[in-house]
Amino acid sequence: MKGKKIGAVLALIALLGALVGGCWGRGTPTGSSAPAAIVASDGLGRQVEVNGPVNRVVSFYPIATHFLFVLGVQNRLVSSDGVGSKEPFFLKLAPELEKLPRVGGEKGAVNVESLLALKPDLVLVKGRDAKMVNELSSRGLKVFAVVAETPEQVMSTMENLGRLFGQEQRAQRFVSFYRDVMNQIEAKTKSLSDADRPTVYFAGTDILKAAAGDMYQNDLIAMAGGRNVAAGLRGGWVSVSAEQLIQWNPDFILVPRYGWVGKITPQEICADPRFQTLKAVKNHKVMWFPSNLTPWDWPAPQNVLGLIWLAKTLHPELFPQLDPLQEANRFYQEFYGRSFTDLGGKLD
């Protein structure tokens, strides 16, 4: 895949959006007719029905909030969990989020009475939090459980939320871009033999936490033409021993930006006497996984940029004209209204 080809796709998406009257601003539904029922499937396969497009939403899951920004409906938030409301990336685009009322969320108990008082049309929660899904549903709230641990789930989540918010065209523009990038990269990497696929260790909050085979990071590595050394493990972020890491001896070690605070940096890993024999250390292939604005390996819309970056990193010979920074600028301009670098984004 060539960088200019992805750029052309984004330009076409923008043109189509203009032709159908799409808008990347914070639009709200219009029309004087009575609202019709809208039904969508959440990440748990539950059917969620709302009366007309959602105008008031509460998000208890920062990753779900990322979907709202791509859909351009962040102005419909009436509350956000404490973590999401303080995320610098969100506040750069919508500083008013910091002033929204707090009713609890991912890091604490939900004040259900305060939540009900906000009269939300929809509440977004993490799909793995079955207790919260059941508790809030039992109080008559419309709850959408977000699960986006695979590329298909990312696209499905965007399509279903787009339906609930009356932003189907915008959701489809994103899905078309996402699928096109994925298909173009896999066209060059899918037929690679194991011998031609570099081995990759994706670290978590410390060097001995590995991304297992049931995480999005595993799919990302495979699509980009690599082999996750921890692919045979299950359980999310799995603890491993230093001896196991040494035995795996990966070609690349990737460190996510969200795991560095008080934990690890690429420099610390390279200086660790236990790991001096690792190929990744000796060949200077221990690196941050971008970006500094928001992680590109999260199960969120921007992870498509993580795929572009990783494909270029693992196989520069297959993508000689692909420029991840250029593609990031085009993506952010198209889907967030400001370029990646304008927002302070960096890849290293």
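Let's begin with a charge over a ring: Arg 257 lies over the face of Trp 288, at 4.5 Å from the ring centre. A charge sits over a ring here if NZ of Lys or CZ of Arg is within 6 Å of the ring centre and within 35 degrees of the ring normal. Keep in mind that this is a predicted model, where local features need pLDDT of at least 70, side-chain atom pairs count only at pLDDT 80 or more, and totals for chains, interfaces and linings use all residues. Residues are numbered from 1 along each chain as its sequence is written, and side-chain values use heavy atoms, with hydrogens and water left out.

Next come the rings that meet each other. Rings of Phe, Tyr and Trp (its six-membered ring) pair if their centres lie within 6.5 Å; planes under 30 degrees apart count as stacked, over 60 as edge-to-face and the rest as tilted. The count by this rule is 18 aromatic pairs. One of them joins Phe 174 and Tyr 178 edge-to-face, at 5.6 Å centre to centre with 65° between the planes. Both residues lie in helix 8 (residues 168-189), 4 residues apart, about one turn of the helix; helices are DSSP runs (H or I, at least four residues), numbered from the N terminus.

Phe 331 and Tyr 332 form another edge-to-face pair, with 6.0 Å centre to centre and 70° between the planes. Are Phe 331 and Tyr 332 buried or exposed? Phe 331 has 0% relative accessibility, so it counts as buried, and Tyr 332 is likewise buried at 0%. Buried means under 20% relative accessible area (1.4 Å probe, protein chains only).

Finally, one aromatic cluster includes Phe 174, Tyr 178, Phe 331 and Tyr 332, along with Trp 296.

Methods:
Helix = DSSP H or I, 4+ residues; strand = E, 2+ residues; numbered from the N terminus. Buried < 20%, exposed > 50% of the residue type's maximum accessible area, 1.4 Å probe, protein only.
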